[in-house]
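Q: Hi! Could you walk me through the helix packing and the core in this one?
A: Happy to, let's have a look together.

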Amino acid sequence: MPSARDPKPPKYAFMKKVALALPGTAEIIDRHGHWFNIGKKTFALYGMHSDGKWILRLPKEQVRMLSEADPDVFAPMIAGALLWAYVDVTKLDADELRGYLTAAWRHLAPKKLQAQLDAE
């Protein structure tokens with residue numbers, strides 16, 4: 001489990017603030033890193049071995065497009081049959097980062113939670 005002495009992930013405070021503002025989101029901190037989940041589904045994580053990059057669960061087509069369009073910021077990460085995106089969050093401004101984090105959340109969130117966000 002990460003300890004207080006371990007360095008925080010890049011832009012951790014911002015990622016936490018945005019993620020936890022999304023309905024149904026919970027943060028899980030374990031020995032593998034920091035995870036933001038909707039129930040048991042992870043939409044964003046920072047693993048201890050992710051080379052300083054966050055990992056977002058975006059639609060496959062978006063991961064491919066972003067990886068081709070901006071390889072300095074995005075790179076594909078394959079986990080079994082799933083395609084995730086490594087994201088160098090230090091190269092994104094607050095609005096871009098909020099948009100990608102929200103897109104990852106929307107990709108997995110049930111319609112009921114999405115409607116709750118839209119109503120806010």
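A: One term to start with: an axis here is a line fitted to C-alpha atoms, for helices over the stretch in contact, and angles between N-to-C directions run from 0 to 180 degrees. Also, this is a predicted model.

Q: Great. At what angle do α3 and α4 pack?
A: Helix α3 (residues 94-108) and helix α4 (residues 111-119) pack at about 140°, and their axes are 8 Å apart. That angle makes α3 oblique to α4.

Q: And is the crossing left-handed or right-handed?
A: The α3 and α4 crossing is left-handed.

Q: Which residues make the contact?
A: From α3, T102, W105 and R106 take part; α4 brings L113, Q114, L117 and D118. Sorted by class, the contact has 3 nonpolar, 2 polar and 2 charged residues.

Q: Switching to the core: how many residues are in the largest nonpolar one?
A: The largest nonpolar core has 31 residues. F43, L56, V87, L101 and W105 have the most contacts inside it.

Q: Which element gives the most to this core?
A: That's α3, with 6 residues. Elements giving two or more include α1 (12-20), β3 (41-47) and α2 (60-69).

Q: What does V87 touch?
A: Leaving out residues up to four places away in sequence, V87 touches K53, W54, L56, V73, F74 and L92.

Q: New topic: what is phi of K11 near?
A: Phi of K11 is near 55°, a positive value in a residue other than glycine. Most residues other than glycine have a negative phi.

Q: Where is K11?
A: K11 lies in the segment before α1, and K11 is partly exposed, with a relative accessible area of 33%.

Key: Residues numbered from 1 in each chain as written. Predicted model: local features only at pLDDT ≥ 70, side-chain atom pairs only at ≥ 80, totals over all residues. Heavy atoms only, no water. Helix = DSSP H or I, 4+ residues; strand = E, 2+ residues; numbered from the N terminus. Parallel < 35°, antiparallel > 145°, perpendicular 65-115°, else oblique. Left-handed = near helix turned anticlockwise from the far one by under 90°. Contact = heavy atoms within 4.5 Å. Nonpolar A, V, L, I, M, F, W, Y, C, P; charged D, E, K, R; others polar. Core = buried A, V, L, I, M, F, W, Y, C linked by side-chain atoms within 4.5 Å. Buried < 20%, exposed > 50% of the residue type's maximum accessible area, 1.4 Å probe, protein only.
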